[in-house]
Amino acid sequence: MAEGVAGAAVYRRNPGVLADLWGRSVPRDVVLVVGATVMTGAAAQIALPVPGSPVPITGQTFAVLLAGAALGPTRGAVSMLLYVAAGGFGLPWFAGGASGFGTATLGYLLGFVLAAALVGRLALAGADRRPWRTIGMMAAGNTLIYLVGVPWLAVATGVGLPRALALGFVPYLIGDVLKAVLAAGLLPGAWRLRQQLLTRGTNRRDR
């Protein structure tokens, strides 16, 4: 019993996000940032068109929010800045192989940067360690993406805000809920696994 309490205490004392569990260095941070950028570009190619809307259903937002949670606010935001900049200057890895800054979905892309920073900050405070808190964290990140993306969509397409909400918000709610539930299993599960490994390591050393 005492050993389990000791392991839990070590678990609580350890700050940071998932990417910090293996230590930090500049080369490792570069690899993590570039890896998250590439992961987001790959997830963007999983795209399902929504009739009448220029915004497809993609795996992008899930990749963005996971990157923020795993890397923290600074590295998460930098990875999304790199993603947006590379695509804006011609790399065809936005949704459906698009590129350039003159798209109706640019607001969502800019929202990715802010959402990664927000989710990273919440994860740094421990919001990714319990399922319900993880769902709230994902909801906050998605909300920020829509707060930037939907108004930009309204301006870029020349429609009113209610119509922009119908085109760029409502069709994606079910998918957002499913992604949040999936994250609520993945992220706390990763922390629980880490706690179990720490406890086992402590038990072995005490023998």
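In which helix is the place of alanine 164? Alanine 164 lies in helix α7. The legends below start from the whole chain and return to this residue in the last view. The model is a predicted one.

**View 1. The whole chain, with eight helices and two strands.** Along the sequence, these elements follow the pattern α-α-β-β-α-α-α-α-α-α. The chain has 207 residues, of which 44% count as buried. Among contacts between residues at least 6 apart in sequence, 71% join residues at least 24 apart.

**View 2. Helix α5 packed against helix α6.** Two packed helices are described by the angle between their axes and the distance between the axes. For α5 (residues 106-124) and α6 (residues 131-157), the angle is about 160 degrees and the axes are 8 Å apart. An angle over 145 degrees counts as roughly antiparallel, and α5 and α6 are therefore roughly antiparallel to each other. The crossing in which α5 passes α6 is right-handed. From α5, the contact is made by Leu106, Gly107, Tyr108, Leu110, Gly111, Phe112, Leu114, Ala115, Leu118, Val119, Leu122 and Ala123. From α6, the residues in this contact include Met137, Ala140, Gly141, Leu144, Ile145 and Tyr146. Val148, Gly149, Val150, Trp152 and Leu153 of α6 also take part. By type, the residues of the contact are 19 nonpolar, four polar and no charged.

**View 3. Helix α5 and what covers its buried residues.** Helix α5 has 19 residues, which at 1.5 Å a residue should span 27 Å; the end C-alpha atoms are 27 Å apart, so the two values agree. Buried residues of α5 include Leu106, Gly107, Tyr108, Leu109, Gly111 and Phe112. Further along α5, Val113, Ala115, Ala116, Val119, Gly120 and Ala123 are buried as well. The cover over the buried residues of α5 includes α3 (60-71), α4 (73-88), α6 and α7 (161-168). Just after α5, glycine 126 has a positive phi of about 100 degrees.

**View 4. Serine 99 in the loop between α4 and α5.** Serine 99 has a relative accessibility of 33% and so counts as partly exposed. Glycine 88 is 11 residues away from serine 99 along the chain, yet the C-alpha atoms of the two are separated by 5.6 Å. With neighbours within four places in sequence left aside, serine 99 is in contact with Gly87, Gly90, Leu91, Pro92 and Phe94.

**View 5. Threonine 134 in helix α6.** Threonine 134 counts as buried because its relative accessibility is 0%. Apart from neighbours within four places in sequence, threonine 134 is in contact with Ala127, Asp128 and Arg129, among others. The contacts of threonine 134 also include Ala183, Ala184, Leu187 and Pro188.

**View 6. Alanine 164 in helix α7.** The relative accessibility of alanine 164 is 0%, so this residue counts as buried. Alanine 154 is 10 residues away along the chain, and the C-alpha atoms of alanine 164 and alanine 154 are separated by 5.1 Å. Not counting residues up to four places away in sequence, alanine 164 touches Val150, Leu153, Ala154, Val159 and Phe169. Among these, Val150 and Leu153 of α6 also belong to the contact with α5.

Key: Residues numbered from 1 in each chain as written. Predicted model: local features only at pLDDT ≥ 70, side-chain atom pairs only at ≥ 80, totals over all residues. Heavy atoms only, no water. Axes fitted to C-alpha atoms, helices over the stretch in contact; angles between N-to-C directions. Helix = DSSP H or I, 4+ residues; strand = E, 2+ residues; numbered from the N terminus. Parallel < 35°, antiparallel > 145°, perpendicular 65-115°, else oblique. Left-handed = near helix turned anticlockwise from the far one by under 90°. Contact = heavy atoms within 4.5 Å. Nonpolar A, V, L, I, M, F, W, Y, C, P; charged D, E, K, R; others polar. Expected span 1.5 Å × (residues − 1). Buried < 20%, exposed > 50% of the residue type's maximum accessible area, 1.4 Å probe, protein only.
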